[in-house]
Amino acid sequence: IAAMSRSELELLSLERVAAEYRAVASADGPAPPVLLNHTFHERIWQMAGNRYLEQQLGTLRSIIERRQATTLSIPSRRSQSISEHEQLVQLIAERKVDDATELARLHFREAMAIRLGMLEGMGEEAV
C-alpha cells in the first residue's frame, strides 16, 4: 500500500531513517538499533494511510516484543535487515508494489524464523 500511495516527502523521510538505521546498525555497538527499526517500519505504515492498520501493526509488534527480545541482538540479523530495508526503500521509490509486498513478507518471515530459533534455544525458560 505504501508503494502505491507514498508522497515524495514521505519517501525522503523513509530514506533518511533508512540511512540513519544503516549507520547505527552497521556499528559494532552492543545496543541494537531497535528504535530506529521501529521508526523505519512506522514510516511505511504511515505511508499506507490506514490508521487502523497502523494501530494494529503497532499492537502486534508490542505483543511480540513483550514475549521476546529483539532479533537485532543477533549481528547477522542486523546486516540482513539493513539490506532488506534498503531494498524495500528502493522498491517503494519505484512503486513496485508486488516486489515490495514480497520483500516485506520475506522480511517478516525471516524475523519470525529467527524468533522461533531463539525460543527453541531457550527451552523451558521460554514457556
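The structure is a predicted model, in which local features need pLDDT of at least 70, side-chain atom pairs count only at pLDDT 80 or more, and totals for chains, interfaces and linings use all residues. Residues are numbered from 1 along each chain as its sequence is written, and side-chain values use heavy atoms, with hydrogens and water left out. Helices here are DSSP runs (H or I, at least four residues), numbered from the N terminus.

Take α2 and α3 to begin with. The axes of α2 (residues 8–26) and α3 (residues 34–48) come within 9 Å and cross at roughly 165°; axes are lines fitted to C-alpha atoms over the stretch in contact, and angles run from 0 to 180 degrees between N-to-C directions. Contact, that is, heavy atoms within 4.5 Å, involves residues including Leu11, Leu14 and Tyr21 of α2 and Leu36, Phe40 and Ile44 of α3. The contact residues of this pair split into 10 nonpolar, 4 polar and 4 charged (Ala, Val, Leu, Ile, Met, Phe, Trp, Tyr, Cys and Pro count as nonpolar, Asp, Glu, Lys and Arg as charged, and the others, Gly among them, as polar).

With α4, α3 packs at about 155°, the axes lying 10 Å apart, and the pair is therefore roughly antiparallel. This crossing is right-handed. Among the residues involved are His38, Glu42 and Trp45 from α3 and Leu57, Arg61 and Glu65 from α4, and the contact as a whole has 3 nonpolar, 4 polar and 4 charged residues.

Helix α5 (residues 75–93) packs against α3 at about 20°, with 12 Å between the axes, so α3 and α5 run roughly parallel. The crossing is left-handed. Here Asn37, Phe40, His41, Ile44 and Met47 of α3 meet His85, Leu88, Val89 and Ile92 of α5, giving 6 nonpolar, 3 polar and no charged residues.

As for α4 itself (residues 51–67), its 17 residues reach 25 Å from first C-alpha to last, close to the 24 Å expected at 1.5 Å a residue, the expected span being 1.5 Å times one less than the number of residues. The N-terminal end of α4 is capped by Asn50, with a side-chain oxygen 3.1 Å from the backbone nitrogen of Tyr52.

Terms used: Helices (H or I, at least four residues) and strands (E, at least two) are DSSP runs, numbered from the N terminus. A polar contact is a pair of N or O atoms within 3.5 Å; within protein, one must be able to donate a hydrogen and the other to accept it, and residues adjacent in sequence count only if both atoms are side-chain atoms. Angles under 35 degrees count as roughly parallel, over 145 as roughly antiparallel, 65 to 115 as roughly perpendicular and the rest as oblique. A crossing is left-handed if the near helix is turned anticlockwise from the far one by less than a right angle, and right-handed if clockwise.
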